[in-house]
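Work through the exercises below with the sequence and the 3D view at hand. Try each task before reading its solution.

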Amino acid sequence: MAAEEPGAVTGLQFFIFGQPVKMSPSPEIHNTGFAKSGFPHNYSRFDTPTIEGVLQRLHEDDCGGGSVTIPHKEAILAKLDTLSDAAAAIGAVNTVTKGEGGKLHGDNTDWLGIKNQLQDRLRARVGKASDAAAESPEGVQQLVCLICGAGGTARAAAYALKQMEASRVLIYNRTTVRAEALAGEFGFEVCSDFAALGSLEELHIVVNTLPGASEFVLPDPTILQRCRPVVLEAAYIPRRTAFVAQALAAGCEIIEGIEMLFEQGCAQCEIWTKLPAPRSAIAAELLRALFTPGSNHPAFLRMEPYDQLPGALQRESGSSAMDDGK
């Protein structure tokens with residue numbers, strides 16, 4: 001199985017399950033991770049609109065597991081044999097591992113993709129601050145946050161912010177009843193009217209989990225201009241969503257969807273290999289596949305501007321020669 005030592009297993013098939021997944025860069029993440037870690041597994045896309053299609057492929061003998069994305073993250077929950085504590089608390093699964101006897105275990109690494117990237121940026125922001133009193137580590141711990149959306153990724157964001165001990169989290173969703181349910185579950189607040197944001201003295205983090213094609217923006221960008229929060233955009237197709245464009249124009253620091261995908265993918269890699277993810281090699285492969293002129297990757301045309309590379313991928317790709325040596 002996938003948990004055994006390299007060289008002791010037959011190559012297994014892993015997939016990104018969802019619809020649509022034709023532009024997913026997950027194969028670049030995981031085929032690099034498997035190869036660099038010495039595993040003979042293969043990872044590819046499996047486009048299916050039904051949860052039955054996902055389960056049928058998972059139960060085939062040659063399948064070791066896979067990633068789960070829209071529209072199956074919540075639907076698959078009840079179909080699995082066991083769940084991690086995080087997946088159970090979030091109520092959504094993005095990682096499935098087949099264990100002994102064909103048992104299926106569900107986990108969620110989306111929250112780690114969100115939490116780890118946010119913490120990296122917040123630490124960097126504190127380190128660069130010239131006024132330690134205004135932006136001390138103690139002050140940053142009193143996080144005021146906004147989540148846009150109430151689906152599976154928003155649930156992961158809520159869990160991540162809970163683990164970060166955010167002091168106040170507001171949740172906006174176009175369907176208010178879903179925002180109310182999520183806020184009630186995690187002890188957060190509903191933002192039913194964006195005008196209420198004007199009363200906030202601080203806003204440190206905004207996590208947008210609404211679909212990239214939704215063209216979502218804040219009706220009034222003043223809160224972004226005044227507070228300059230770190231903005232995490234979960235969507236990566238298109239790379240520059242309407243909300244990212246709005247946040248950039250307001251001077252906000254952006255965590256791109258592809259950076260979150262990289263982070264949660266590295267966590268998945270470690271679940272399946274039980275080894276540290278070769279982060280440098282994975283980041284380098286994503287940069288090659290998605291930003292190299294002439295690339296034939298299906299997502300390449302949605303990655304503009306090509307001369308402004310994702311900062312986290314740049315840093316990771318040159319961060320450790322040891323990773324490349326695996």
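**Exercise 1.** Which element gives the largest share of the lining of the second largest pocket?

*Solution.* Before starting, note that this is a predicted model, in which local features need pLDDT of at least 70 and side-chain atom pairs count only at pLDDT 80 or more, while totals for chains, interfaces and linings use all residues. Residues are numbered from 1 along each chain as its sequence is written, and side-chain values use heavy atoms, with hydrogens and water left out.

Step 1: a pocket is an open set of points on a 1 Å grid over the protein atoms alone, where a 1.4 Å probe fits and protein lies on both sides within 12 Å along at least five of seven lines; its lining residues have an atom within 4 Å of a point. The volume is the space filled by probe spheres set on the points, which are joined across faces, edges and corners.

Step 2: the second largest pocket holds about 370 Å³ of space, and among its 21 lining residues Arg121, Glu253, Ile254, Gly311 and Arg315 are the closest to its centre.

Step 3: at least two lining residues come from each of α4 (110-128), α9 (242-249), β12 (253-255) and α12 (311-317), where helices (H or I, at least four residues) and strands (E, at least two) are DSSP runs numbered from the N terminus. The largest share, six residues, belongs to α4.

**Exercise 2.** Describe the largest pocket and find which element gives the most to its lining.

*Solution.* Step 1: the largest pocket contains about 1,100 Å³ of space. It is lined by 44 residues, of which Thr69, Ile70, Thr153, Ala235 and Tyr236 lie closest to the centre.

Step 1: the elements giving two or more residues to this lining are β3 (63-68), α6 (152-163) and α10 (257-273), and α10 gives the most, with five residues.

Step 2: sorted by class, this lining has 19 nonpolar, 18 polar and seven charged residues; Ala, Val, Leu, Ile, Met, Phe, Trp, Tyr, Cys and Pro count as nonpolar, Asp, Glu, Lys and Arg as charged, and the others, Gly among them, as polar.

**Exercise 3.** Is glutamine 268 buried or exposed, and in which helix is it found?

*Solution.* Step 1: glutamine 268 is part of helix α10. Because its relative accessibility is 1%, glutamine 268 counts as buried, a term for values under 20% relative accessible area with a 1.4 Å probe and protein chains only.

Step 1: beyond its neighbours within four places in sequence, glutamine 268 is in contact (heavy atoms within 4.5 Å) with His30, Ser67, Asn94, Thr95 and Thr109.

Step 2: After α10 comes lysine 274, with a positive phi near 55 degrees.

**Exercise 4.** What is the order of the strands in the open sheet of six strands?

*Solution.* Step 1: the order is β9-β8-β7-β10-β11-β12, with parallel pairing, and two strands pair if DSSP finds at least two bridges between them.

Step 1: β9 (189-190) and β12 are the edge strands, as each pairs on one side only.

Step 2: strand β7 (residues 144-148) is joined to strand β10 (residues 205-208) by four bridges, and isoleucine 147 stands opposite valine 207 in β10.

Notes. Buried < 20%, exposed > 50% of the residue type's maximum accessible area, 1.4 Å probe, protein only.
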